[in-house]
Amino acid sequence: MDRLEALLGPRQELLHEIQALPIRWDRERFLFWLKQDYPFVEALYRYLVGLLSEAPQAHRPPLVHALLATVEELDWLLSQGASPGDPVHPVRRAYIDLLEEMGGLPYPYRLVLFYFLNRLFLEAWNAHVQGEGPWQELSEHWSAPEFQAVLFDLEVLAQGLLSQLDPTLLQGYLLRILEMEKATWSLLL
């Protein structure tokens with residue numbers, strides 16, 4: 001078991017709970033969920049800009065690719081009817097607040113947590129999204145080889161930083177991220 005997996009430890013059970021949620025996919029519910037994703041992805045964009053501004057040169061290429069993927073996702077969400085001025089659901093507001101809190105951590109923590117944000121979301125996404133539907137275009141975006149390469153590069157960077165970080169602090173944030181993911185996916189129940 002690698003160190004990233006060890007960090008998840010007993011929190012894996014919460015990830016399995018998220019993956020087992022009885023999501024009800026219908027177009028209206030999914031569009032609401034997408035529109036509520038916009039403010040979070042906008043906050044994620046700001047988080048990434050902060051990461052990039054402090055990143056050592058060797059860390060910049062995957063972060064630039066992640067930033068580009070985030071900008072493309074924001075554009076796609078706008079094309080699906082999301083509006084920056086729409087009210088933000090309290091679940092999304094709480095997740096944005098967590099992201100902003102994490103933005104105050106030192107760079108190494110923020111990078112490792114950014115990796116986990118992406119990984120945990122994609123693990124839940126892949127468990128829930130199968131076949132064709134209104135999510136197909138977004139699914140293709142996240143499963144594209146370029147995005148998978150970014151995730152791999154982020155994993156390598158995160159592995160390289162773990163030895164200098166407090167695992168208890170990371171585990172506390174991982175638990176909160178998983179709780180927010182569960183609350184977000186629960187919007188589709």
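The largest nonpolar core of the predicted model comprises 69 residues. Within this core, the residues with the most contacts are Trp33, Leu63, Met102, Leu113, Phe114, Phe116 and Trp185. At least two core residues come from each of the helices α1 (3-8), α2 (12-19), α3, α4, α5, α6 (107-128), α8 (145-161) and α9 (167-185). The greatest contribution is that of α6, which gives 14 residues.

The pairing of α3 with α4 was examined next. Helix α3 spans residues 27-54 and helix α4 spans residues 60-79; the two pack at an angle of about 155 degrees, with 9 Å between their axes. Because angles over 145 degrees count as roughly antiparallel, α3 is described as roughly antiparallel to α4. The crossing of α3 and α4 is left-handed. On the α3 side the contact is formed by Leu34, Asp37, Tyr38, Val41, Glu42, Tyr45, Leu48, Val49, Leu51 and Leu52. On the α4 side it is formed by Arg60, Leu63, Val64, Ala66, Leu67, Thr70, Val71, Glu73, Leu74, Trp76, Leu77 and Leu78. By residue class, the contact of α3 with α4 holds 17 nonpolar, 1 polar and 4 charged residues.

Helix α4 also packs against α8. The axes of α4 and α8 come within 9 Å and cross at roughly 140 degrees, an arrangement in which α4 is oblique to α8. This crossing of α4 and α8 is left-handed. In α4, the residues involved are Pro62, Leu63, His65, Ala66 and Ala69, and they meet Phe147, Val150, Asp153, Leu154 and Leu157 of α8. The contact of α4 with α8 is made up of 8 nonpolar residues, 1 polar residue and 1 charged residue.

For α6 and α9, the axes come within 10 Å and cross at roughly 35 degrees. The crossing of α6 and α9 is right-handed. Helix α6 takes part through Tyr109, Val112, Leu113, Phe116, Leu117, Leu120, Phe121, Ala124, Trp125 and His128. The facing residues in α9 are Leu169, Leu170, Tyr173, Leu174, Ile177, Leu178, Glu181 and Trp185. The contact of α6 with α9 contains 16 nonpolar, 1 polar and 1 charged residue.

Apart from neighbours within four places in sequence, phenylalanine 114 is in contact with Leu44, Tyr47, Leu48, Leu51, Leu63, Ala66 and Leu154. Leucine 154 is located in helix α8. With a relative accessible area of 1%, leucine 154 is buried. Its contacts, with neighbours within four places in sequence again set aside, are Leu63, Leu111, Phe114, Tyr115 and Asn118. Between the C-alpha atoms of leucine 154 and glutamate 181 the distance is 20 Å, for a separation of 27 residues in sequence.

Arginine 119 is placed in helix α6. Since residues under 20% relative accessible area count as buried, arginine 119, at 9% relative accessibility, falls in that class.

Leucine 98 belongs to helix α5, residues 90-102. Leucine 98 is buried, and its relative accessible area is 4%. Leaving out residues up to four places away in sequence, leucine 98 touches Tyr173, Arg176, Ile177 and Met180. Leucine 98 and leucine 15 are 83 residues apart along the chain, and their C-alpha atoms are separated by 18 Å.

Arginine 24 lies in the loop between α2 and α3. At 46% relative accessibility, arginine 24 is partly exposed. Arginine 24 and leucine 52, separated by 28 residues in sequence, are 37 Å apart from C-alpha to C-alpha.

Key: Residues are numbered from 1 along each chain as its sequence is written. This is a predicted model: local features need pLDDT of at least 70, side-chain atom pairs count only at pLDDT 80 or more; totals for chains, interfaces and linings use all residues. Side-chain values use heavy atoms; hydrogens and water are left out. Helices (H or I, at least four residues) and strands (E, at least two) are DSSP runs, numbered from the N terminus. Buried means under 20% relative accessible area, exposed over 50%, partly exposed in between (1.4 Å probe, protein chains only). Contact means heavy atoms within 4.5 Å. Axes are lines fitted to C-alpha atoms, for helices over the stretch in contact, and angles run from 0 to 180 degrees between N-to-C directions. Angles under 35 degrees count as roughly parallel, over 145 as roughly antiparallel, 65 to 115 as roughly perpendicular and the rest as oblique. A crossing is left-handed if the near helix is turned anticlockwise from the far one by less than a right angle, and right-handed if clockwise. Ala, Val, Leu, Ile, Met, Phe, Trp, Tyr, Cys and Pro count as nonpolar, Asp, Glu, Lys and Arg as charged, and the others, Gly among them, as polar. A nonpolar core is a set of buried Ala, Val, Leu, Ile, Met, Phe, Trp, Tyr and Cys residues joined through side-chain atoms within 4.5 Å.
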